[in-house]
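Hello,

Here is the structure I promised to pass on. Please open it first, then read the notes below.

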Amino acid sequence: MNITKNYKIIAALLVIVLVSSFTMKASKNQGSIDKEAILAQHNFYRDQVGVPHLEWSDELAEYAQNWANKLAKKCNMYHSSGPYGENIYWTSGTATESSIVDYWATEETYFNHRNRTYKKGSGRKSGHYSQIIWSATTHVGGAVANCKHGGQIWVCNYDPHGNVIGSKAY
C-alpha cells in the first residue's frame, strides 16, 4: 500500500476525531429545547391581543444558543448588544419552555393596553411581555445552556426586535 495514501487516511480520521471531540465539548453545556412549546406559549399570549403568530427561526436559535453558552460560563445575566430583541431568564434549577414564557408574561400587570406606545423607561417593568406581543416581530428562536455549577440560562431572540420607543406594541 502507498505510504502517502495511508497518511491521508490517518489524517482524515484524525480530523474526524478532533471535530467530534470539539462538537461534544461545545454542546456539553447546551440543553435541548422544544421549539414547538416555545412557539405555542408565545403565540398563546399573542392571541390574547390579536397579533399574528411568530414563526421559528433556526438562525435566531443559533444566535440565542451562542449567547446562552457565553452567559452560562459564569452564570451571568445581561443582554447581548446584537441586532435582535431578547428575553433572558435564569433559574437555579431547571425550567420548561412554557414556564419561562409565562414568567416573562407576568409583566403584563405593568403593561398599559389602553396606551400601547412604548416609552423610554417603560421596559423596566413590562419589556419582556411587550417583546412577546410586539406585533411587528415575526420570528423567534430560543435556547438553553446549563451553568457550570448548576442552574440554567434561557435566551429567546426576536426579529425584528420590539420595544421601539415611540412605537405601538400592537
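**The disulfide**

Cysteine 75 and cysteine 147 form a disulfide, with their sulfur atoms 2.0 Å apart. Keep in mind that this is a predicted model. A search of the whole structure finds one disulfide. The link of cysteine 75 and cysteine 147 is right-handed, with 70 degrees about the S-S bond. The pair links distant parts of the chain, 72 residues apart. Cysteine 75 sits in the loop between helix H3 (58-74) and E2. Cysteine 147 sits in the loop between strand E3 (139-146) and strand E4 (152-159).

How do the cysteines stand? Cysteine 75 has 26% relative accessibility, so this residue counts as partly exposed. Cysteine 147 counts as buried because its relative accessibility is 7%, and the cut-off for buried is under 20%. Cysteine 156 is also buried, with a relative accessible area of 0%.

**The largest pocket**

The largest pocket has a volume of about 200 Å³. Which elements give two or more residues to its lining? They are strand E2 (85-91) and helix H5 (123-133). H5 gives the most, with four residues.

In total, 13 residues line the largest pocket. His79, Gly85, Glu86, Asn87 and Asn163 lie nearest its centre. By class, the lining has eleven polar residues, one nonpolar and one charged.

Best wishes

Technical notes: Residues numbered from 1 in each chain as written. Predicted model: local features only at pLDDT ≥ 70, side-chain atom pairs only at ≥ 80, totals over all residues. Heavy atoms only, no water. 1 Å grid on protein atoms, 1.4 Å probe; cavity = no way out; pocket = protein on both sides within 12 Å on 5 of 7 lines; lining within 4 Å. Points joined across faces, edges and corners; volume = space filled by probe spheres on them. Nonpolar A, V, L, I, M, F, W, Y, C, P; charged D, E, K, R; others polar. Disulfide = S-S within 2.5 Å. Buried < 20%, exposed > 50% of the residue type's maximum accessible area, 1.4 Å probe, protein only.
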